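These are my notebook entries on one protein chain. I set down what I looked up, entry by entry.

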Amino acid sequence: MISAFLLVFIYLALFWLIFFKLKWIRFTFAWGAFSILFIAHVLFIFMIGLRFVTPYSTNAKVIQHTIQITPRLSEPTLVTAVLVEPDQPVKKGQPLFQFDRRPYEYKVQQLKAQLQQALQNVKVLKANVDISKNKLAKEKTELAYTKYQQSLTADLAANGAGPEEDAQRGAAQFTTKEAAVKETAAELERARIEYQSNVNGINTGVAIIEAQLAEALFYLNNTTIYA
């Protein structure tokens, strides 16, 4: 089509140059009729050519523009209510469908109970630290007393004022108490690590349950589909 218009433009330019600019030939009605027929003939030829090069189809499909609504839920759920009438316009933010909320409500309730249990466990961990501290202080005091008794019996046995068996028994008791102190110190350290296991100041067990609860609430809120 562009080539046809270009050819017509060139012809008109030559026509104007010959008949009006240079006036080589006198313009007559016959030349005007010939020019009109020539231009129409050129355009007609190109229109016929377009019929053979232009793509066409005998089948036509009308597609209506639609917006697919996909529920953002963790598992398949039943539709319990349709909140709009068929073939009625809706506004943005208007509720459309209601899915079964019960499985997600049960999950939220379960995680809320687990969260309370996790908060109680934090208090238990704090109590374990305090108990281990008191137990360690008590055993250190007993170790100091056992060490005094062991030193006393050892001096008596060395001077012949006491039996050697008492000195040996005192040494064994001191070793036992010393091992008990080390064990209690390890228990205290383990209890302190469990209690101080935090993420941004929140106990790790509590943080895990809170994240799971937030996810469950997200799915619960998405049981209603809005436009």
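**Entry 1. Basis.** I note that this is a predicted model, in which local features need pLDDT of at least 70 and side-chain atom pairs count only at pLDDT 80 or more, while totals for chains, interfaces and linings use all residues. Residues are numbered from 1 along each chain as its sequence is written, and side-chain values use heavy atoms, with hydrogens and water left out.

**Entry 2. The whole chain.** I looked up the secondary structure and found five helices and five strands. Helices (H or I, at least four residues) and strands (E, at least two) are DSSP runs, numbered from the N terminus. Along the sequence I read the pattern α-α-β-β-α-α-β-β-α-β. Of the 227 residues in the chain, 20% are buried; buried means under 20% relative accessible area, exposed over 50%, and partly exposed in between (1.4 Å probe, protein chains only). I then turned to contacts, meaning heavy atoms within 4.5 Å. Among those in the chain with a separation of 6 or more, 70% come from residues 24 or more positions apart.

**Entry 3. Helices H3 and H4.** Two packed helices are described by the angle between their axes and the distance between the axes. The axes are lines fitted to C-alpha atoms, for helices over the stretch in contact, and angles run from 0 to 180 degrees between N-to-C directions. For H3 and helix H4 (residues 164-195), I noted axes that come within 8 Å and cross at roughly 165 degrees. H3 and H4 are therefore roughly antiparallel to each other; angles under 35 degrees count as roughly parallel, over 145 as roughly antiparallel, 65 to 115 as roughly perpendicular and the rest as oblique. Their crossing is left-handed, which is the term used if the near helix is turned anticlockwise from the far one by less than a right angle, with right-handed used if clockwise.

**Entry 4. Helices H3 and H5.** I next examined helix H3 (residues 102-158) against helix H5 (residues 204-221), and found an angle of about 165 degrees with axes 9 Å apart. H3 and H5 are therefore roughly antiparallel as well, and H3 passes H5 in a left-handed crossing. The contact includes Tyr-104, Leu-111, Leu-115 and Val-122 of H3, and Val-206, Leu-213, Leu-217 and Tyr-219 of H5. By class, I recorded 14 nonpolar, three polar and four charged residues.

Entry 5. Ala-207 lies in H5 and counts as partly exposed at 22% relative accessibility. Its C-alpha atom is 9.0 Å from that of Leu-115, 92 residues apart along the chain. Ser-74 is in the loop between helix H2 (29-53) and E1, and it too is partly exposed, at 46%. Leaving aside neighbours within four places in sequence, I found Ser-74 in contact with Tyr-104 and Tyr-219.

**Entry 6. Two buried asparagines.** Asn-203, in strand E4, is buried with a relative accessible area of 12%. Its side chain reaches the backbone nitrogen of Gly-205 at 2.9 Å. Beyond four places in sequence, the contacts of Asn-203 include Val-122, Leu-125 and Tyr-195. Asn-222, in the loop between H5 and strand E5 (224-226), is buried at 10% relative accessibility. The side chain of Asn-222 reaches the backbone oxygen of Phe-218 at 2.7 Å. With neighbours within four places left aside, Asn-222 is in contact with Arg-72 and Leu-73.

**Entry 7. Positive phi.** Most residues other than glycine have a negative phi. I noted Asp-87, not a glycine, with a positive phi of about 60 degrees. Asp-87 lies in the loop between strand E1 (79-82) and strand E2 (95-99) and is exposed at 79% relative accessibility. Asn-200 likewise has a positive phi, of about 55 degrees. I located Asn-200 in the loop between strand E3 (198-199) and strand E4 (202-203), where it is exposed with a relative accessible area of 78%.

Note on methods: Ala, Val, Leu, Ile, Met, Phe, Trp, Tyr, Cys and Pro count as nonpolar, Asp, Glu, Lys and Arg as charged, and the others, Gly among them, as polar. A polar contact is a pair of N or O atoms within 3.5 Å; within protein, one must be able to donate a hydrogen and the other to accept it, and residues adjacent in sequence count only if both atoms are side-chain atoms.
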